Amino acid sequence: MTFLNKVNSRQLEAIKAVQGPVIIVAGPGSGKTRVLTYRIAYLISIGVPAYQLLALTFTNKAANEMKERITQQVGEKSKQLWMGTFHSIFARLLRIEADRLGFGKNFSIYDTQDRLRLIQSIMNDLHIPSQQYNPQAVMYRISRAKNQVILPEEYASQSLDLFEEKTAKIYAEYVRRLKLNNAMDFDDLLIKPIELFNHHKKILESYQERFRFILIDEYQDTNRAQYVLLKLLAEKYKNICVVGDDAQSIYGFRGADIRNILEFTRDYPEAKIIHLEQNYRSTRAILSAADQVIKKNVNQIPKNLWTENLDGEPITILECVDDKSEGEAIVRNIFREVERLKIQFKDIAIMYRTNAQSRTLEDVLRKNTIPYAIIGGIEFYQRKEVKDVLAYFRLLVNPQDDESFLRIVNYPNRGIGEVAVRHLRNFASTNSQSLSVAISSADQINGPAKKAKTGMINLSSMFEKYRKLKNELSMSELSRALVDELGILNLFKEEGTPEAMARRENVHELLSAISEFAAEQPNATLESFLQEVSLVADVDEWDNEFNAVTLMTLHSAKGLEFPIVFITGLEEGLLPYYNSSLDTVELEEERRLFYVGITRTMNKLFLSWEDIIHNR
DNA sequence: TTCGAACGGCTTTTT
DNA sequence: GCCGTTCGAA
């Protein structure tokens, strides 16, 4: 265990305290990842079987990196580790146990877009006007309720106003429809396991036995559902180790409950508390700036960060007239720093509060031929054309998935319009069939026009054909054949606009992603591919080998570090983000977000803003 | 009945 | 800048 002499005494303590509950309060740059990695390697090296470890991280990227490092320490044993994001780990568990919950193992996973569409269609059916009740707000409330493990009945009994009453109705129908579609949303991936464990004590016990040692990274960003889930799993052995920093809790909007970390010792009074306060990442100047910011927050665990690093260079403030000149000032400084410090573009990151801010920055960077990589924005797997093609695959895997069906029933155009779809839906619901099953009886459906009927019959025989082919072709052949038959690549080509060509390129890229996936994993299936892509984050895709400046939101920056950092748009209203109901709690979260940004910096920090009032 | 063009509204952060 | 809605043409 040679790795154990590469750490300081506090870190060593954190690595070796493997029995019982432990909370590690780890400041930025304090070697948190190192501790987690070594802790797992240590557990394995003292004889704990790797399959008894459950390690939950915030991003897949973090999980993969850690897994790699653990493999270096302990070898192939690490393969048996259950390590990943909450969502991917519990999706995996649900694939195994789905039938106990009345779901098929091939369930679809709905992302935000799919959920919104489903909610809109439910509101239509229930005659709830979307002008009066914003579907997004409804979706947000439902998600909120789920995060807090509040089921429809309870939600209905607590609703205080008309909006909540309507939401309660929609919520109940939403749950019913998801089940009919054999689909789960992101929140279900957390609350369905709770449901499973509550109703099947035996299964809970078997997982308690299995996961004797549980580790959770970024604990400050867990929500109520995750908390309940962990509590259930750790109940028997109580070997639960949480790592986090309340000062870096920035996902309140997603239901993260900072109380989880603040009150850990209340749930586990015997918990060992370990503080990691020595920072190895940043210069003294940067750390002190971060400290000045965060100490304004009232609600936090007191801590005292320190470093042996040098003072370093002072922070530079760039005051600009508008966003364009802000971009230009950043570019000037990038060139100067690259020259002066002999660094590369990949050592630099530009951060902002909202994705929309990346536009102007991109323009300026492109003009100056500085290579850049963007994390976030419109994600690849969210693009319309990609989602459309994926919807066909989802339907092949899960024929009950009516949402995916509705997405592609008339894409590309088959002359099946709104009215024809209504007829089909009526037919399907009177026969309690899913839409993709119902369409195979297209010739028996009365109502639709001739054109629509032909389209339906064609679509139905196409499904039949590919359902057969699915067993005969490899996933990569199958996907190519399907896209070919759809003819969308040619449609884009005929259209010829730059947008259409970009879409064409995206579909190509999707096909190569499938081939690549199949090549990397010998027993890859369409199912596993779909699961993978529905749970990837943008940060996961980020490749730090490529020599480019990284652009991203402050949220995505969590867990990363860069020698040079620019934080842009430091204006009232943008950072902190202006929101009519910005209260103290939210303001503190904005402050933590800024804190996260500052503490990503190793050597030199630039802060930029537009002085609109004085410069106009 | 379907489809494409034009218009207006809104827009935080993400697994 | 993106999405849904509306409206007119085929």
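**Glu 209 and Lys 236**

I looked up the side chain of Glu 209 and found that it makes a polar contact with the side chain of Lys 236, at 2.4 Å. This is a predicted model, so I note the distance as computed. Setting aside neighbours within four places in sequence, I find Glu 209 in contact with Lys 236 and Tyr 237. I placed Glu 209 in helix H10, residues 201–210. I also checked Glu 209 against Ala 234: the two are 25 residues apart in sequence, and their C-alpha atoms are 9.6 Å apart in space.

**Helix H8**

I checked the span of helix H8, residues 162–180. At 1.5 Å a residue, its 19 residues should span 27 Å, and I find the end C-alpha atoms 27 Å apart, which agrees. At the N-terminal end I find Asp 161 as the cap of H8, with a side-chain oxygen 3.2 Å from the backbone nitrogen of Phe 163. I then went through the buried residues of H8, which include Phe 163, Ile 170, Tyr 171, Tyr 174 and Leu 178. After H8 comes Asn 182, for which I noted a positive phi near 50 degrees.

**Positive phi elsewhere**

I looked up two further residues because most residues other than glycine have a negative phi. Val 149 has a positive phi of about 55 degrees. I located Val 149 in the loop between helix H6 (135–147) and helix H7 (152–158). With a relative accessible area of 24%, Val 149 is partly exposed.

Lys 342 also has a positive phi, near 55 degrees. I located Lys 342 in the loop between helix H15 (323–341) and strand E12 (348–352). How exposed is Lys 342? Its relative accessibility is 67%, so I count Lys 342 as exposed, the cut-off being over 50%.

Most peptide bonds are trans. Pro 412 sits in the loop between helix H18 (402–408) and helix H19 (418–430).

I noted another cis bond from Leu 575 to Pro 576, with omega near 5 degrees. Pro 576 is in the loop between strand E15 (562–567) and helix H27 (584–598).

Conventions:
Residues numbered from 1 in each chain as written. Chains lettered and ligands numbered in written order. Predicted model: local features only at pLDDT ≥ 70, side-chain atom pairs only at ≥ 80, totals over all residues. Heavy atoms only, no water. Helix = DSSP H or I, 4+ residues; strand = E, 2+ residues; numbered from the N terminus. Contact = heavy atoms within 4.5 Å. Polar contact = N/O pair within 3.5 Å; in protein donor to acceptor, adjacent residues only side chain to side chain. Expected span 1.5 Å × (residues − 1). Buried < 20%, exposed > 50% of the residue type's maximum accessible area, 1.4 Å probe, protein only.
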